[in-house]
Amino acid sequence: MLKFGRPTADHRLSQATPSEAMSAVPVYSGRFGRQEAERLLWRAGFGPRPGEADKLAKRGLRGAVLSLTRPPAARLSGPAPRTEDGPLRAHSEWSHDHLWWLDRMVRSNQPLVERMALVWHDWFATVKDAAPARLMLGQNALFRRQALGSFEDLLRGVTRDPAMLLFLSGGDSTKWEPNENYARELMELFTLGAGRGYTERDVREHARALTGWDYDWREGPGPVNFRYNPEIHDTGAKTIFGRRGPHDWQDSVSMCLKHKSHPSFFVSKLWSAFAAGTPPTGTRGALQSLYVRSGYEVRPVVEAILMHPRIYDGDRVVKPPVVYIAGLLRALERPIDTGAWGWISDLSGQVLFRPPNVAGWDEDRWLDTATFRARWLAANYAIGEKRALDTDGEYDTTEDAPGAVARALAFWGRPTLSVETRRQLLAYAERCQDGIEHSWQERPYRILRQNALRMLIATSPDCMTS
Amino acid sequence: MSHQHCRDFSRNQLLRQAAAEAGKGLPDIEAGMPLPAGTGLTRRSMLVRSAGLALSVYGASQLGLNVLGDGIAEATAAPPSSPVLVSVFLEGGIDSLSVLAPVGDPNYRRLRPRLALGPSEGRPFAEDERLRWHPAAASLAELHGEGKVTVLPSVGYTDPDQSHFTSRHFYEVGSTSASASTGWMGRYLDRVGSSSNPLQGLALDGRLAPALATSKVPVSAVEGPDDYGFWARGVWGDPEEWMLEAMGRIGGAQSGDPARTAAGEVAVQAGRLRRQLAPFSGGSPPAGAGYPSSEEEPFPGQLSSLAAMLAAGLPLRCVALTAPGDHDTHDDQAGDLARNLKLTSDSLRAFQRDLEARGLANRVLVHVWSEFGRRAEENGSRGTDHGAGGVGFVVGSRARGQMVGEFPGLGSGGLDGDGNLRATSDFRALYCSLLEQWMGTDASGLIPSAASFSRPRLVA
C-alpha cells in the first residue's frame, strides 16, 4: 500500500481540479476473458479456485466486479481448519490467530471482503503484542463488517476499537495527560498523510479532543470494560484546523474526513492496494469526486478501481505473502491442516495481526532472497506429502516434454505464464528427457520432472506476481 | 558426561545462559561473583542477506538492522586486510599437566600415580626435555614442530582465583577486576571498529562471547547457519540440480513487466546465494578438507565455516568460539580429556591447513586458553581439582613458535602453597603482545596497567 512519508515530489498530492472532478472514472473496455478474470481474482481476493476464473470470465467485467463487491451471504466451504494438534485455538495459541484468518481467506465465498479486511488491517495497522488476541480478533471483525461500507463508520469504529486504544495509547490518554500517539497517526497514516495540511498544534489539540476512552485492568483477561468516560475527557476549547470549539472525538474524526487533503489521500492509498503505481491524474480526481459524492462510501470507489483499465492492462504487482500462500491453498483446494503456515508466513515477511509497525507492511519490499526462499518453502509445503508424486509410483513413460509442462500447469489450475517462463519450463522438461540414459530411468525421471515443474511454476516470477 | 561438575561449574553454565539472554536478568548469584561482560547489552536478531548468516547482534540498539546489513556489505566489498584473532576457549580448566605432561619431572609420578602418562607416550616437547605432548595433542605437536605454535606452559596471574566463573571473567575482560563489563577484545573493537559492522566481533557459539562485549560498536553471534536450501519434495539427483538451475534461468529470462522482472531478478539472486552459502552451511565440513568428523561437536564445522567466511572476505576481526567438551575433570579424567583434546587439536590443525591452502594463513592467529590449570596432585576419583597456572597456545603461521615463560616444575619452587602450578607468564602481558604485535594497536587504554607488563614476543 502506498505510504505517505515525509512529503516528496512523488507523495505530494494535489487537490483535484474542477475539470478532473467532473470527469468519470475510465472503465476497461478490452477483452474480459479468463486471463483478466484471473487477475481480478488475485487483486480483489486470493486467486482462483480450480475453474473459478473461467466461470467469472463469463459474467463480463461489470458482472464479475459486482459479484465480488456485492457478494452473497458469507459462507465457508470445506473442512474446518486444524493443526497437527487439533482444532485451532485462535484466542490462546501464538500463531493460531494467523491460521484462523488464513483459513477464511482460503474458504470464504467473499474473497473481496477478506481482502478488504486485510487492506484495513494494513491501513490501521495494529500489532498484537499490544493487545490480547480476543481484542485483535474483535478488531478483525470490525474490518470485516465495515469492509466495503462507509469509511466514516470504519474510522469511528477504529477510533474506539479496544485493540487500537491499547496500541496507540488512546486508552491511556486523559484530560490531565493527553497522549498524542493516536492523534498523530489519525492524520499522518489514516486520513491525511504526513505534511499535508496540519500542524503540530493540530496534533496536540486533536489529542485533547480524543481524550475520554477508558478501560479497567483485571487479573487474567487483562484490559476489559472499554468505555467512554466523560470524567477524563477534556471539555475545554481546542483549535483544530483553525476552528475553535469544545471538540470531542466525534468532531476529531469528522474534521479529518472533511479536511481538504483527505479525499486525495484516501483514493491514492486505496488505489495502491489494488493496482501498481499511482492513479493517473484524471482518474484520481474522478475517484475523489466519487468518494465525496457518495458520502465517504468505500464500495463505489473499490468498484471503480476494479473496473479501471490499469487493473487489466497495467503493470503487475507482487502478491503479498499471505495472498500468495492462501492462493496456493485455494488452487489445490487444500484446507488449513498444519500449523506450519505460521512460521512459513513469518519467514515470508507477513504475520497477520503483527504488521511491523503502525505504518503497516512495506509492499515495496515483499521479495528478497530470504522471502523468496520462504515462498519456495510455502509451495513445497502446499504440495505436501499427499500431492507430491511418489517416485516409486506408476507414471506414463511416454510423456514428452510439452505434455509434462501441461500436466504441471493443470496441477495449479493453469495459471497464465509469460512466454519466457513457458520456454524455460519446456527447456527444463527437455533437459530431463535428454538426461534419461538408461531404460530404468524412464519412469522415475518423469516423476522427478513432474514434481520439479510444479515447484518451478509455483515459484515463477509470474506466480509471485499478479 | 561421565564425570560430575563442581557446583561452581554448573552455576557457571547457568550464568552463561543468562548472559546469552542478556538484558533478561541473571539468576541469583553469590555476592562477589562478577557479572559476565556484556550483561545487559541489547540483543536483536538479523539475517545478513549479503552473507547468508543469521546473527544475534549485540549493542547496536540505536541502529536499524538495514544499516547493519549495509555496513556488512560495504565492509565486505573492500577487501579486508586487518589481522584476525580467533579466541578458542577450553572450558572448565583444562589439565595442563596432561596436555604437556612433565614425565621428566621427578615429582610427576608421585603426584599423579594413576593419571600419569607413560615415559614414552606422545611426542617429546622440543623446547623442554621434561615435557611430552599428550598423544591426543599430536596435531598440535606437529604444528609446533613447524614453528607455528607458541606455547605458554604455565600462564595465569598472581593471587589466582579458583572459581571457574571469576577466573574466566578475568580472562574475558583482560584484567583481574570483577566489575569490568567490557571484554578485552571488545575494547579493541571499540577503538578500531565500525559502528555498522557487527561481524567485526563474531561469536560462533550462538551467544555473545563476553570477551567480545563492547561499549560502543556492535558485535554479533551466529545464531545458526542460515539454512538456505531449496528442497523440493520428490525431486532429487540430476533433475534436482537442473531444477535449481532452471529456477535462476526462469528468473533471468523475464522482460517487459517491471514487477515480474524484479521478481525474476530475486530468483536469480537466490540461486547465486544458494551456491555461495554452501560452504557456510555449518554442518559437516566438506569431505577432504581434513577436518575431523564429529556427530556431536560443532567445533570442526565451526572452524571450517570460519575459514570459508574469511575466504569470502567477510569483515571479521575478532572471533570467539568454545572447544569441545568441558575440562572440569574432577573424576575419571583420562578418557574425556583425551577425546576432547584430540578433537580440538585435530580441528585446529585442519583449520591451519585450510587457511594455508586458501592463502589466508598470514592473516589469522588463534589464541587457545582456559580459565586455569588443575591441581598438580590428582584427587581420589581419578580426576583433578581446580588449580592455578594453566596452558595456553598461540597458533598460526605468524606465531613466533617460541615458548613464553618456562615450565616451573613440580617441586616446591614450582608449586604454590595450595599445590598449584605457579604462573610463569601473565595473560594480560599476552594480551598486550597480541594487541601490539598482531593487531597493531597500543595496549595502553585497552589493558589496565598495560605499562606494568613486559611484552613477550609472540609474532614472527
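The structure is a predicted model.

Looking at contacts in chain A with a separation of 6 or more, 77% come from residues 24 or more positions apart.

Over in chain B, strand β11 covers residues 390-395. Six of its six residues are buried, so the strand is largely enclosed by the rest of the structure. Here "buried" just means that 20 or more other C-beta atoms lie within 10 Å of a residue's own. Both faces of β11(B) are covered: one side carries Gly390(B), Gly392(B) and Val394(B), while Val391(B), Phe393(B) and Val395(B) sit on the other.

What does β11(B) pair with? One partner is strand β6 of chain B (residues 149-156), which runs antiparallel to β11(B) over five bridges. Within this strand pair, Val155(B) has Gly390(B) as its bridge partner. Strand β10 of chain B (residues 364-370) also pairs with β11(B) in the antiparallel sense, this time over three bridges. Opposite Val394(B) of β11(B) stands His367(B).

Then there is the meeting of the two chains, where 34 residues of chain B are in contact with 40 residues of chain A. On the chain B side, the elements giving two or more residues are α8 (237-252) and α9 (258-277). As for the make-up of that side, 21 residues are nonpolar, seven are polar and six are charged.

Key: Residues numbered from 1 in each chain as written. Chains lettered and ligands numbered in written order. Predicted model: local features only at pLDDT ≥ 70, side-chain atom pairs only at ≥ 80, totals over all residues. Buried ≥ 20, exposed ≤ 12 C-beta atoms within 10 Å, placed from the backbone. Helix = DSSP H or I, 4+ residues; strand = E, 2+ residues; numbered from the N terminus. Pairing = 2+ DSSP bridges. Contact = placed C-beta atoms within 7 Å. Nonpolar A, V, L, I, M, F, W, Y, C, P; charged D, E, K, R; others polar.
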